Amino acid sequence: MGTETTVRPGKAGVRCPGLPEDERHMSRAFKLARRGMGHVSPNPMVGCLLVRNGQMVGEGYHQRFGGPHAEAQAIQDAGEKARGATAYVTLEPCAVSYADKKTPPCTEALIRAGVKRVVVSVRDPNPRVNGGGLARLKSSGIEVAEGVLAEEGARLIRGFSRWILTGRPFVILKAARTRDDFVAASLDFNWFTSPESKRRAHHLRAEVDGILVGRRTAEIADPQLTVREVAGHNPRRIVLDTALRLPGGLQLFNDGAAPTLVITTEGESGTTPWGERIKVAPSAAGVDLGQVLDALGERGITSLLVEGGPTLHREFLRARLVDEVILFTAPREADAKVKRRPDLRNALVVPEGWCLIAKEELGGDQLVVAQPDHSLSGMLNHSSIERSST
Ligand SMILES: NC(=O)c1ccc[n+]([C@@H]2O[C@H](COP(=O)([O-])OP(=O)(O)OC[C@H]3O[C@@H](n4cnc5c(N)ncnc54)[C@H](OP(=O)(O)O)[C@@H]3O)[C@@H](O)[C@H]2O)c1
Ligand SMILES: [Zn+2]
């Protein structure tokens with residue numbers, strides 16, 4: 001029978017000390033996993049490293065949705081050298097086959113390859129796997145350790161976790177504000193934070209499956225909502241347009257840089273010259289945000305960046321549909337014309353009782369990141385809805 005090493009079981013949000021070399025190899029596996037960013041969703045990013053006698057003998061990552069899993073890639077890369085090796089996997093290996101699953105179980109591939117030890121960061125939150133992969137490995141005599149760099153492991157798959165358990169994406173609200181709390185510095189609505197903050201904001205876009213704005217932001221700022229300051233994949237663009245009032249000439253509808261979904265209460269769902277139209281129920285503020293998240297989840301969007309404006313941020317916070325807020329504060333004040341516009345007051349606040357999880361200076365701006373303290377643990381304990389991943 002396999003044995004468990006001294007590493008404590010992984011729990012999201014809790015840092016578990018592993019052996020230094022385990023953490024080093026797991027860090028490399030995370031780097032590999034992130035190469036799949038933008039290509040694997042709604043599957044999770046996964047990386048795998050095979051190490052024998054201290055030497056890396058194979059590596060792999062999940063490269064695209066429906067493609068081979070990280071473990072299969074690493075085993076293929078290592079060939080015969082996989083025998084007796086330790087596998088470092090960022091996520092518990094999958095153990096089961098079901099009708100709509102696209103790949104064979106990785107546990108069997110690891111067993112067949114003769115791997116001696118398997119180290120994972122976190123368990124697979126998918127109820128069809130959750131712990132079953134580790135149990136299968138142990139029952140075949142493989143030594144198993146879990147919880148190495150578990151906090152990073154949980155963060156890497158937080159969109160997948162939320163989606164597989166609730167059918168909805170992980171929701172991040174992001175805004176930039178002036179020192180005196182306006183969302184614009186001047187009425188040309190140009191970017192007013194530092195170049196470093198801009199790069200970070202574009203990196204945030206590259207990390208998510210979808211980016212959402214309200215109708216007024218789309219109309220006033222005519223944003224592209226694409227990834228330009230860093231290398232990365234453009235997320236799908238989503239705009240809320242209750243009564244289909246947006247003009248067709250917007251960049252979102254014409255530049256072809258990424259698909260654009262329009263969420264409305266009018267007409268029928270389907271394809272339009274401007275992109276896909278999704279019909280949901282109305283709410284007092286426009287469209288029903290819970291239904292928006294359901295509709296995006298149905299389309300495989302596991303993480304969503306809500307870029308505003310203030311009206312939309314306020315409604316998301318009011319509906320308690322937010323998992324993280326990210327607020328950039330520039331050192332400058334808004335100009336006199338902006339100060340006369342109460343509608344341009346920032347509405348993104350860190351709600352009372354939330355945890356500050358990061359605070360940083362970026363090119364003179366202040367950046368804060370906060371989450372409700374139940375965010376990650378609540379997500380992993382949520383009652384399960386069956387959903388298929390590959
Ligand atoms: N500094 C920043 O980070 C930042 C970011 C984004 C925007 N901005 C600025 O913010 C300004 C626009 O903000 P805004 O507050 O006026 O408008 P907004 O939040 O962009 O859009 C609000 C509109 O979205 C539609 N909507 C549909 N369903 C909604 C719902 N459930 N909740 C809220 N809105 C819903 C409504 O219009 P319909 O009824 O017509 O659908 C609503 O009037 C622009 O000047 C933009 O440049 C700044
Ligand atoms: Zn697998």
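Trainee: What does the chain average in pLDDT?

Mentor: pLDDT is the predictor's confidence in each residue, from 0 to 100. Here the chain averages 90, and 89% of the residues score at least 70. This is a predicted model: local features need pLDDT of at least 70, side-chain atom pairs count only at pLDDT 80 or more, and totals for chains, interfaces and linings use all residues. Residues are numbered from 1 along each chain as its sequence is written, with chains lettered from A and ligands numbered from 1 in the order in which they are written.

Trainee: Where does pLDDT stay under 50?

Mentor: Over residues 1–16. Count contacts there as residue pairs whose C-beta atoms, placed from the backbone, lie within 7 Å. The model has 49 of them beyond four places in sequence for that stretch. Residues 376–389 are also below 50, with 28 contacts beyond near neighbours in sequence.

Trainee: In what order do the 10 strands of the open sheet run?

Mentor: Strands of a sheet pair through backbone hydrogen bonds, either parallel or antiparallel. Two strands pair if DSSP finds at least two bridges between them. Helices (H or I, at least four residues) and strands (E, at least two) are DSSP runs, numbered from the N terminus. The order is E10-E11-E9-E8-E7-E14-E6-E15-E17-E16, with mixed pairing. E10 (270–272) and E16 (355–362) each have a single partner strand, so one side of each is left without a neighbour in the sheet.

Trainee: Which strands pair in the parallel sense, and over how many bridges?

Mentor: Among them, E6 and E15 (residues 324–329), over six bridges. Arg-177 stands opposite Thr-329 in E15. E7 and E14 are parallel too, over four bridges; there Ile-211 has Leu-305 in E14 as its bridge partner. By contrast, E15 and E17 (residues 365–371) run antiparallel, joined by five bridges. Phe-328 partners Leu-367 in E17.

Trainee: Which residues come nearest to ligand 1?

Mentor: A residue is near a molecule if its C-beta atom, placed from the backbone, lies within 6 Å of it. Of the 31 residues around ligand 1, Gly-214, Thr-242, Gly-286, Gly-308 and Gly-309 come nearest. Helix H8 (215–221) is one of the elements that supply at least two shell residues. H8 gives the most, with five.

Trainee: Is helix H6 mostly covered or open?

Mentor: Call a residue buried if 20 or more other C-beta atoms, placed from the backbone, lie within 10 Å of its own. H6 (residues 158–166) is mostly covered, with eight of its nine residues buried. Trp-163 is one of the buried residues. Gly-167 follows H6, with a positive phi near 80°.

Conventions. Contact = placed C-beta atoms within 7 Å. Buried ≥ 20, exposed ≤ 12 C-beta atoms within 10 Å, placed from the backbone.
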